[in-house]
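Q: Could you go through the helix packing with me, pair by pair?
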Amino acid sequence: MPRPTLNRHLLVLASIGIALYLVITILYGLQTEEASAGDNPSITKAAAADSATQFVSGRYGVKASDTFVVYQSKKDRSGYLQKENLLETYNKTYGERYPIDYYQVSVNDKKTNRQFIVEVNYTNASVIGWHEILVSPQGALISKQKADILAKQEMRTQGLDPDEMTLIDVDKSETEEVNGTTLYYEKTSLPLGEAKFQVRMEFDEKSLVGYTAQFSLPSSHKAWIDQQDHSASVMTWISMGFTILMTLASIVFAIIYRKHMRFSRGLYLTAIFLAIYLTNNFNMYPAFRSVSGTVNVEFATWATIIFMDVVTVLLGVSLYFALVAGNGLWAAAGQNKWPAWKESKFGSDVFHGMGRGYLLALFILGIQQVLFYAGETSFDVWAVNDPTDSVLNMLEPRLFPLMAWVAAISEEATYRLLGIILFKKLFRNNFIAVLIPSIIWAASHTQYPIYPVYTRLIEVTIIGIILGYVFLKYGFITAVFAHACMDSILMGMSLFSLGHISDILAGIFYLLLPALIGLLLAWMHGKRRPPLTPGELPPRLEVL
């Protein structure tokens with residue numbers, strides 16, 4: 001086992017990162033009455049399912065034979081409130097009754113073939129909205145007069161004053177198609193900026209089958225969001241295009257420089273990448289189901305998982321060639337950026353790379369915290385919760401932090417090990433060779449729900465430049481550990497919000513996992529077989 005050595009420069013950087021993180025955290029805490037976009041769940045999914053089934057049974061006499069719970073968020077509403085600095089007002093006026101984040105429960109009765117979607121407040125288990133999925137009307141549509149009477153009765157039940165609610169016409173092109181009659185009412189008082197409180201009432205041929213509280217958002221805000229999402233989409237496609245070109249270049253160079261290539265390199269890393277990623281695709285079943293609509297949900301969800309599996313395999317192929325070609329091109333240039341297992345320095349590089357990784361991760365997290373704070377205070381940056389990327393929408397949330405290694409291995413291989421040498425060949429300048437792949441990498445992160453989207457491009461580019469110079473100075477293994485440590489800390493801490501002792505312990509485990517992996521590999525390498533004796537055949541594959 002290698003002996004620990006103190007890198008004073010990295011220790012200073014880590015101390016700076018910790019100090020910055022603590023200072024920014026204190027500044028956040030000093031902000032008076034800071035508004036939050038949502039609280040953590042106070043009830044379990046099982047409790048939400050019980051609340052939904054009791055509601056459906058009590059109101060419609062339907063006994064549920066099947067339920068499924070996902071986490072959902074009113075992202076559009078959250079975005080508008082944050083952009084216009086109205087979130088605190090919303091929380092005081094409407095937040096308790098109509099929270100932004102909630103559980104959505106699918107309730108099915110297989111005997112009667114009736115299906116309901118019930119929205120449950122995940123802090124107190126109260127039902128905040130529901131609707132029955134109507135296949136087709138069974139008779140003549142309910143009259144508008146009768147529907148209006150039933151709607152006003154329900155408003156009183158929900159604690160609303162019908163005299164403050166006005167029946168309005170809504171552009172049908174902006175609403176979901178419903179097989180029945182739908183009425184919209186708007187509150188004439190207590191608007192939030194240009195947004196007004198509305199309720200949507202759905203009816204079958206004789207009764208109320210749906211109640212949803214919503215807010216009308218100004219068209220200017222919707223247009224701004226559409227423009228931002230379009231910009232993020234364009235940047236993502238550009239990033240994807242350049243990444244594909246880099247992959248094609250890696251294949252070409254692997255053929256041209258085949259004498260310098262060792263095609264067994266990276267097999268284990270590619271296998272680890274595929275095993276974790278494919279497992280995560282299945283683990284995200286609830287997340288994919290949350291965006292699969294209400295028709296043929298099971299088919300749509302599994303179709304998404306299968307599609308993601310195909311994409312994952314293609315990404316695995318791209319990763320493999322990035323590892324092979326990147327390592328080979330650096331070897332052809334006379335630099336060993338990634339020691340092999342059989343080399344005597346491998347164990348030391350892993351051990352010290354792990355230590356450097358933690359120190360660098362602390363520095364990067366401090367820089368990232370400063371960028372977030374500067375963005376929020378000076379550039380009106382805000383973010384919304386994304387149900388498709390939440391641990392609340394995973395079959396086993398405690399597996400999620402393993403994705404830190406997927407990101408670290410694939411992104412450091414593609415944008416540092418391969419990307420830097422490719423652009424170094426083109427421009428023969430280290431800064432440009434680091435900057436361009438960092439921008440390409442950052443552009444692929446702009447579809448996260450952070451607005452304005454250009455701020456995410458700047459933030460991730462800065463982190464990419466730091467990791468690029470880490471790679472040039474210390475090599476691939478340190479860059480991977482720095483990236484993995486950073487993501488493991490963030491993803492491990494995300495488990496703390498779940499509140500259960502097992503989740504907290506799992507989060508702590510993931511904070512320590514990079515250290516455990518580094519120590520294990522260094523120990524195993526120290527126990528490796530001695531050098532080959534004359535006449536002894538070498539191993540068939542060199543995979544690390």
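Q: At what angle do H11 and H13 pack, and how far apart are their axes?
A: In this predicted model, helix H11, residues 403-427, packs against helix H13, residues 453-474, at an angle of about 60°, and their axes are 10 Å apart. That angle makes H11 oblique to H13, and H11 passes H13 in a right-handed crossing.

Q: Which residues make that contact?
A: From H11 the contact uses Glu412, Arg416, Leu417 and Ile420, while H13 brings Gly464, Leu467, Gly468, Phe471 and Leu472. Sorted by class, the contact of H11 with H13 has five nonpolar, two polar and two charged residues.

Q: Switching to H10, what span should it have, and how far apart are its end C-alpha atoms?
A: Helix H10 covers residues 346-378, and at 1.5 Å a residue its 33 residues should span 48 Å; the end C-alpha atoms are 45 Å apart, which agrees.

Q: And what is the phi of Asp380, which follows H10?
A: The phi of Asp380 is positive, near 55°.

Q: How do H10 and H14 cross?
A: The axes of H10 and helix H14, residues 476-494, come within 6 Å and cross at roughly 50°, and the two helices are therefore oblique to each other. The crossing in which H10 passes H14 is right-handed. By class, the contact of H10 with H14 has 15 nonpolar, four polar and two charged residues.

Q: Then H10 and H15: parallel or antiparallel?
A: H10 and helix H15, residues 501-526, pack at an angle of about 165°, with axes 8 Å apart, and they are therefore roughly antiparallel to each other. Here H10 passes H15 in a left-handed crossing.

Q: Which residues are in contact there?
A: On H10 they are Phe346, Gly347, Val350, Phe351, Met354 and Tyr358, and on H15 they are Leu511, Leu512, Leu513, Pro514, Ala515, Gly518, Leu519, Leu521, Ala522 and His525. The residues of the contact of H10 with H15 divide into 13 nonpolar, three polar and no charged.

Q: Where do Lys92 and Glu88 sit relative to each other?
A: Both belong to helix H4, residues 87-95, and because Lys92 and Glu88 are four residues apart in that helix, about one helical turn separates them. An α-helix has 3.6 residues a turn, so residues three or four places apart point the same way.

Key
Residues are numbered from 1 along each chain as its sequence is written. This is a predicted model: local features need pLDDT of at least 70, side-chain atom pairs count only at pLDDT 80 or more; totals for chains, interfaces and linings use all residues. Side-chain values use heavy atoms; hydrogens and water are left out. Axes are lines fitted to C-alpha atoms, for helices over the stretch in contact, and angles run from 0 to 180 degrees between N-to-C directions. Angles under 35 degrees count as roughly parallel, over 145 as roughly antiparallel, 65 to 115 as roughly perpendicular and the rest as oblique. A crossing is left-handed if the near helix is turned anticlockwise from the far one by less than a right angle, and right-handed if clockwise. Contact means heavy atoms within 4.5 Å. Ala, Val, Leu, Ile, Met, Phe, Trp, Tyr, Cys and Pro count as nonpolar, Asp, Glu, Lys and Arg as charged, and the others, Gly among them, as polar. The expected span of a helix is 1.5 Å times one less than its number of residues.
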